[in-house]
Amino acid sequence: MNNHSSIGEDVRIKVSFNNEEVFVKMYDNPTSRDFLTLFPLTLTLEDYAGTEKISSLAKRLSTKDAPSGSNPSVGDFTYYSPWGNLAIFYRDFGYANGLIKLGHIESGIEKLASIRGDFTVSIEKM
């Protein structure tokens, strides 16, 4: 089974903050589908390790059929199951156990990367 096929038709989500918008193409997997049930979402993102923007979620997402981990690259929109948080990578990072890719940012990752400190985002399905 291909873990990177799209959810039905191409599902995209929009992350809005500071009058900016970032678009994410979602993958079709149980974790992504579970994430979409939380919409619309308002989250506070914080910087983690100068590599990713993270936020805890209101509930744990399904890890059914998920790989044991993954190797994130710039623009990966992921769920870190050990902590139950969303992690959006703006720098490449090594393999992480329990990291599940939800989708990939199509454009605008530099807008997220440039923000210092915590900031609020709203996320909705397009």
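Ala49 is exposed, with a relative accessible area of 61%; the classes used are buried for under 20% relative accessible area, exposed for over 50% and partly exposed in between, with a 1.4 Å probe and protein chains only. The structure is a predicted model, in which local features need pLDDT of at least 70 and side-chain atom pairs count only at pLDDT 80 or more, whereas totals for chains, interfaces and linings use all residues. Residues are numbered from 1 along each chain as its sequence is written, and side-chain values use heavy atoms, with hydrogens and water left out.

The chain contains two helices and 10 strands, which are DSSP runs numbered from the N terminus (helices: H or I, at least four residues; strands: E, at least two). Along the sequence these elements follow the pattern β-β-α-β-β-β-β-β-β-β-α-β. The radius of gyration is 13 Å, close to the 14 Å given by the globule rule for 126 residues, so the chain is as compact as a globular protein of that length. The radius is taken over C-alpha atoms, and the rule is 2.2 Å times the number of residues to the power 0.38. The C-alpha trace spans about 40 × 30 × 25 Å along its principal axes. Of the 126 residues, 51% count as buried. The chain exposes about 6,300 Å², of which carbon and sulfur atoms supply 47%; accessible areas come from the Shrake-Rupley method with a 1.4 Å probe, and for residues only the protein chains shown count as cover. Among contacts (heavy atoms within 4.5 Å) between residues at least 6 apart in sequence, 63% join residues at least 24 apart.

Eight strands form a closed barrel in the order E1-E2-E9-E6-E7-E4-E3-E10, with antiparallel pairing. From one strand to the next the twist averages 35°; axes are lines fitted to C-alpha atoms, for helices over the stretch in contact, and angles run from 0 to 180 degrees between N-to-C directions. Two strands are taken to pair if DSSP finds at least two bridges between them. Strand E6 (residues 76-80) pairs with strand E9 (residues 99-107) in the antiparallel sense over five bridges, and Lys101 in E9 is the bridge partner of Thr78.

Within the barrel, strand E4 (residues 52-56) has E7 on one side and E3 on the other in the strand order. E4 is joined to strand E7 (residues 85-89) by five bridges, and the two run antiparallel; Phe89 in E7 is the bridge partner of Glu52. Pairing with strand E3 (residues 41-48) is also antiparallel, over three bridges, and Glu46 stands opposite Ile54 in E4. E3 and E4 form a hairpin with three residues between them. E4 is mostly covered, as four of its five residues are buried.

Lys53 is located in E4 and counts as buried, at 0% relative accessibility. The side chains of Lys53 and Asp47 are joined by a polar contact of 2.8 Å. A polar contact is a pair of N or O atoms within 3.5 Å; within protein, one must be able to donate a hydrogen and the other to accept it, and residues adjacent in sequence count only if both atoms are side-chain atoms. Neighbours within four places in sequence aside, Lys53 is in contact with Leu45, Glu46, Asp47, Leu86, Ala87, Ile88, Tyr90, Leu112, Ala113, Ile115 and Phe119.

Several loop residues have backbone features of note. Most residues other than glycine have a negative phi, and most peptide bonds are trans. Ala49, in the loop between E3 and E4, has a positive phi of about 60° although it is not a glycine. Asp65 likewise has a positive phi of about 60° and is not a glycine. The place of Asp65 is the loop between E4 and strand E5 (69-70), where Asp65 counts as exposed at 51% relative accessibility. The peptide bond from Phe39 to Pro40 is cis, with omega near -10°; Pro40 belongs to the loop between helix H1 (30-36) and E3.

Asp28 is found in the loop between strand E2 (20-26) and H1. At 17% relative accessibility, Asp28 counts as buried. The C-alpha atoms of Asp28 and Leu102 are separated by 7.8 Å, with the two residues 74 apart along the chain.
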